[in-house]
Structures are given as C-alpha cells and as structure tokens.
Amino acid sequence: MIKTIYIAGGCFWGVEKYFQMVRGIIDTEVGYANGNIENPKYEELKQGIATHAETVKLTYDDGKISFGKILEHFFELVNPFTLNEQGIDKGIQYRSGIYYQTEEEKNETLKFFKDMQQYFEQQIVVSVEPLLNFYPAEEYHQDYYVKNPECIEACPLFKKD
C-alpha cells in the first residue's frame, strides 16, 4: 500500500536527498509544516514571520519499506538531541519532528523513541505531533540536489571527512 509520512530534520534539501536514495521511497516533496500562516515562503521562515518546520513529505510503498524502518533511517540521519538545530542550521525552522496522520503512526513513533531513549543519557527532543498543515516549498527547493549536484558537498549530511 502507498502511504505518506512527514518528517522534519533540519535543512530539507539534505533530508530529501537522503530519502531519495532509500529503497521503497516512491516520491519526495519538500515543504513547510505545522506553522502559523497559510502558504508561507522561505523568506518568511528566515525572517521569523512564519513558524513552520522545513519538512519532507515522503511517499512510500509499505510493502518495500516499513514505517518503522523509515524512523530508523530518520534517527540515523538527524541529531535527535538538539533542539531547533541540525548541524550549522539553527532556528525553529530546523527543528526535528515526525508529524503523524493517524493514531497508529503516533503510537509507533512514540514507542520507537521510547525504545531508543533507553540507550542514551541525553534526552531525545524530536517532536511527535499531529500534522496540522503542510505547504509545498517553492519550486527551486524541490529536488534541490538533483538540480544542483555540485552543491551536495556543502551539505553536512554528505560531507566526507
């Protein structure tokens, strides 16, 4: 069955690129979720006018990848212990979150983070909230690293040490 999940993990360009390489992910769309105004623009997030999180809508085939496996990838991708920042990106637009659409997703996500927390002294600060709204980002943000492959080396997720 084809399903969707909305995840926020810092700059949406890198999160989108990462999940585009994961087997079972059918489509990605970057946008703005759980904020205060309709149809926000990137500049409004930068200026603090809009309170949305940079978010990636993942469409996936749950016969090829489970919801839980997506959460595992997410946990490996982001720093789950930093509030409102990922790498060099700081501010509420870069907060980490899983935005659920069903009680089943909510319960599975809460259980996943509870199970993971037992392995760490630091508190996991990824928000788990209902999806209140999602607005697609401007076209130039969509598939950013596909359109601009020369920029990928600047992304903290893909830097080679």
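In what order do the 6 strands of the open sheet stand? The order is β7-β6-β1-β3-β2-β8, with mixed pairing, where strands are DSSP runs (E, at least two residues) and helices are DSSP runs (H or I, at least four residues), numbered from the N terminus, and two strands pair if DSSP finds at least two bridges between them. β7 (127-130) and β8 (134-136) stand at the edges with a single partner strand each, so one side of each has no neighbour in the sheet.

This is a predicted model, in which local features need pLDDT of at least 70 and side-chain atom pairs count only at pLDDT 80 or more, while totals for chains, interfaces and linings use all residues. Residues are numbered from 1 along each chain as its sequence is written, and side-chain values use heavy atoms, with hydrogens and water left out.

Within the sheet, β1 (residues 2-9) and β6 (residues 96-100) pair in the antiparallel sense over 4 bridges, and Gly-9 has Ser-96 in β6 as its bridge partner.

The count of salt bridges comes to 6, each being a side-chain nitrogen of Lys or Arg within 4 Å of a carboxyl oxygen of Asp or Glu; the table lists some, including the pair of Asp-62 and Lys-3.

| Salt bridge | N to O distance |
|---|---|
| Asp-62 and Lys-3 | 3.3 Å |
| Lys-46 and Glu-43 | 3.6 Å |
| Glu-85 and Lys-90 | 3.4 Å |

Lys-46 and Glu-43, by contrast, are 3 residues apart in helix α2 (residues 42-46), separated by about one helical turn.
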